[in-house]
Amino acid sequence: MKSQFRCSFSWRVVLLAAAVLSPLPASGKVVALKGAALVMTMDPMQGEGPLGLVADGDVYFENDRILKVVPAGAPPGPDVPAFGVETIDVRGMIVMPGFVDTHNHLWQSLIRGCGTDAELPGWLRDCMFKTAARLGEDDTYAFVRLSTLDLVRTGVTTVVDWSIAPSPEMVAGNIRALKDSGLRYVYAYFDWDCTVEDCSKANETRQRIVEFKKTQIDPDPLAILQTASHPVPLYEPAVKNMAALARELGIDFNVHLHEHKDDPHGAINNGFPSQIELLGRADAINDRLLINHAVHLTEAEIKMLAARGVRVAHNPLSNMRLASGVMKLPEMRAAGMRVGLGLDGGANDTSDMFNLMRAAVGLQRATRLDAGVYPGVADVLRLATLGGAEALRLESRIGSLTPGKEADVIVIDPRAVNFAPRWDWLGQIVFNGQPENVKYVFVAGRALKRDGRVLAESAPILARAEAAAAKIRVGF
Ligand SMILES: [Zn+2]
């Protein structure tokens, strides 16, 4: 009995050692991106410097997970099977994590080009509210689907859709288009119904969101839910309800804050609480709060929000277009805030992440007359990827090519008339890059763009959006 025990115990040790020393070949579908001229892993443990750079590398993923990054041509190890691997030749190209768009309103592709000379209040009045009231389920689907196609084109793999959907039909069209896109998405659910004048539907809304999470979000591995509100006196009860629901569900709470120059003082001057005061009264200023824009914050407010772990979505293109101002990004960085970049829907007219990075760098340099100011090239590449993941508290799942993380990966081909010749590719991604240079986009290991072509057929999506827009524009 004793010797039998000893025998089985030693076998266990041998088997365990064998498993550790020579892992079994992967059992799922393995994809190998082979021969990349540069792999930007965003993980210092995987390569050189803070961006984890690997010159000449191969990237392997299995099903939806990153398996490994190895020097080009190196034997991948026993966990990669000898046969059945899909190999994609990426010689001469750059492999990096997909872009994270931390703030968008996806149906607003409908109002591209609207109110191009307006500030935020005029744009909201003439473009946003007028059209939102006219949208049905299929219209919403059409515009969200168009926006998601554009996001895939530019290399976005995760998007936050702060959904301004006044009706359940709009929510239904919105979520259907997000699911059809193949993107990883965060749906920020805004409560329209509850105001200081009438909050009688609060329970109904709460139930609808809880049910939505159960049926649409939880079964979908690419979906994440946030609650959203707008901290102004009219919506104070909704701010409290949505912040409380976020706490109850263990999810994040997402608001716009101090975007326009009048936002910090408009309410105070009329004897009402400020936006920050309203968030405080809702017990919402904590590490589950994501704020959008945050252009007009004092340094004391930045320090207070940073100390409470509040995160920020920075939208430089939108802030330029609407004359909103320039966010104090270097001060936020110094205070230790986690910041991501956002495209912000119809207020910037484009989904171009390269343009967004240029604006994030350029606005600070142009206003401070200092080319060394934060963010530099490496900083903005991080903001657009891992920084965005951190702003969404998803950094353990996405944002870098770390083994075990989800395979949200893009491939950029720099051998193009707008990009070549090679000088410093990191700078060239930021200052020369265009969506056309993005050759491959994978979300959770699934290709959405291959060899420069978005796989979803664009013609019917465009036609559907044009038809819906023509209907909604009548009488404008
Ligand atoms: Zn917004």
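## Exercises on a zinc site and a cavity

Asp344 is buried, with a relative accessible area of 3%. The model used in these exercises is predicted.

**Exercise 1.** Identify the protein donors of the zinc ion and their spacing along the chain.

*Solution.* Start from the zinc ion and list its protein donors: His103, His105 and His256, each through NE2, and Asp344 through OD. Their distances from the zinc ion run from 2.1 to 2.6 Å. Read along the chain, the donors give the spacing H-x1-H-x150-H-x87-D.

**Exercise 2.** Decide whether His105 is buried or exposed.

*Solution.* The cut-off for buried is under 20% relative accessible area. His105 has a value of 5%, so His105 is buried.

**Exercise 3.** Classify the arrangement of the four donor atoms around the zinc ion.

*Solution.* Take the angles that the donor atoms subtend: 85 to 168°. A tetrahedral assignment requires all angles to lie between 85 and 135 degrees. The arrangement is irregular because of the angles of 85 to 168°.

**Exercise 4.** Describe the largest cavity by its volume and lining.

*Solution.* The structure holds one cavity of 30 Å³ or more. The largest cavity has a volume of about 100 Å³. It is lined by 15 residues, of which Asn104, Ser147, Gly345, Thr350 and Ser351 are the closest to its centre. Sorted by class, the lining has 10 polar, three charged and two nonpolar residues.

Key:
Residues numbered from 1 in each chain as written. Predicted model: local features only at pLDDT ≥ 70, side-chain atom pairs only at ≥ 80, totals over all residues. Heavy atoms only, no water. Donors = N, O, S within 2.8 Å, 3.2 Å for Na, K, Ca; no water. Tetrahedral: all angles 85-135°; square planar, octahedral: opposite > 155°, others 65-115°. Buried < 20%, exposed > 50% of the residue type's maximum accessible area, 1.4 Å probe, protein only. 1 Å grid on protein atoms, 1.4 Å probe; cavity = no way out; pocket = protein on both sides within 12 Å on 5 of 7 lines; lining within 4 Å. Points joined across faces, edges and corners; volume = space filled by probe spheres on them. Nonpolar A, V, L, I, M, F, W, Y, C, P; charged D, E, K, R; others polar.
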